[in-house]
Amino acid sequence: GLAIGSNYQATDPGLNNVIIEGSVGIGTTSPSYKLSVDGTASISSDLWVGDNLIYANTGANYVGIGTTSPADVLHVNVTSNYRGLRVGGSAQVPSIDLYTGSDNVNARNWSIGTNMAQFGDFIIFNSDTNTGAPNSSNRRLVIDRDGNIGIGGDYIPSYTLSVNGTASISDDFYVDDTTLFVDASADKIGI
């Protein structure tokens, strides 16, 4: 083995091992960290960052954050309350896009985003085709900053629940508890 550094002169690193005191630079003569790489790096085996903070399983092409046994392409394991996945940054319209990759003409790509129609809203929208990008004018569900919900249509809801299109209710329906009542089982309407 090889030991480099004044504190490791008497240390045996073991067969085929290297101990280096200080920082190592690859492609740089002034490393800023324990390992600084200036250029492209390739890792042909699993990668561990921190104490199980980030783990990349190169055999399965899975990445685990907070777990060393990711069960999917990206697996985030939350160990404290109210922490999970955050999408943000300097963009005023952050979103998460879900692409199918399907060649079925009925498939659609979806997006979940905020601040797209107005600041503070939450929107779910989809693409026009199976290969197109999600289009924010194809709003399927909108929750505005005041909690009003809009279903269908290219608009911002102005009531607690706004439905643009035909609605089907399979059970009883009440308006203000007693103002209007529809009894679905008896086919009766009461005002």
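Reader: What does S162 touch, not counting residues up to four places away in sequence?

Author: In this predicted model, S162 touches I149, G150, I151, Y155 and P157. S162 itself sits in strand β14, residues 161-163.

Reader: Why is S162 called buried?

Author: Its relative accessibility is 9%. Buried means under 20%. So S162 counts as buried.

Reader: Where does D128 lie?

Author: D128 is in the loop that runs between β11 (122-126) and β12 (139-143). Leaving aside neighbours within four places in sequence, D128 contacts R108, N135 and N138.

Reader: What makes D128 partly exposed?

Author: D128 has 48% relative accessibility. Exposed needs over 50%, and buried needs under 20%.

Reader: Why is the link between the side chains of D128 and N138 called a polar contact?

Author: The two side chains come to 2.7 Å. A polar contact takes N or O atoms within 3.5 Å, one able to donate a hydrogen and the other to accept it. The D128–N138 pair therefore counts.

Reader: How many aromatic pairs does a search of the whole structure find?

Author: One. The partners are W48 and Y55, with ring centres 4.5 Å apart.

Reader: Why is the pair of W48 and Y55 called tilted?

Author: Their planes stand at 55°. Stacked means under 30 degrees, edge-to-face over 60.

Reader: Is Y55 buried or exposed?

Author: Buried: the relative accessible area of Y55 is 7%, and the cut-off is under 20%. W48, at 49%, counts as partly exposed.

Technical notes: Residues numbered from 1 in each chain as written. Predicted model: local features only at pLDDT ≥ 70, side-chain atom pairs only at ≥ 80, totals over all residues. Heavy atoms only, no water. Helix = DSSP H or I, 4+ residues; strand = E, 2+ residues; numbered from the N terminus. Buried < 20%, exposed > 50% of the residue type's maximum accessible area, 1.4 Å probe, protein only. Contact = heavy atoms within 4.5 Å. Phe/Tyr/Trp six-rings, centres within 6.5 Å; stacked < 30°, edge-to-face > 60°.
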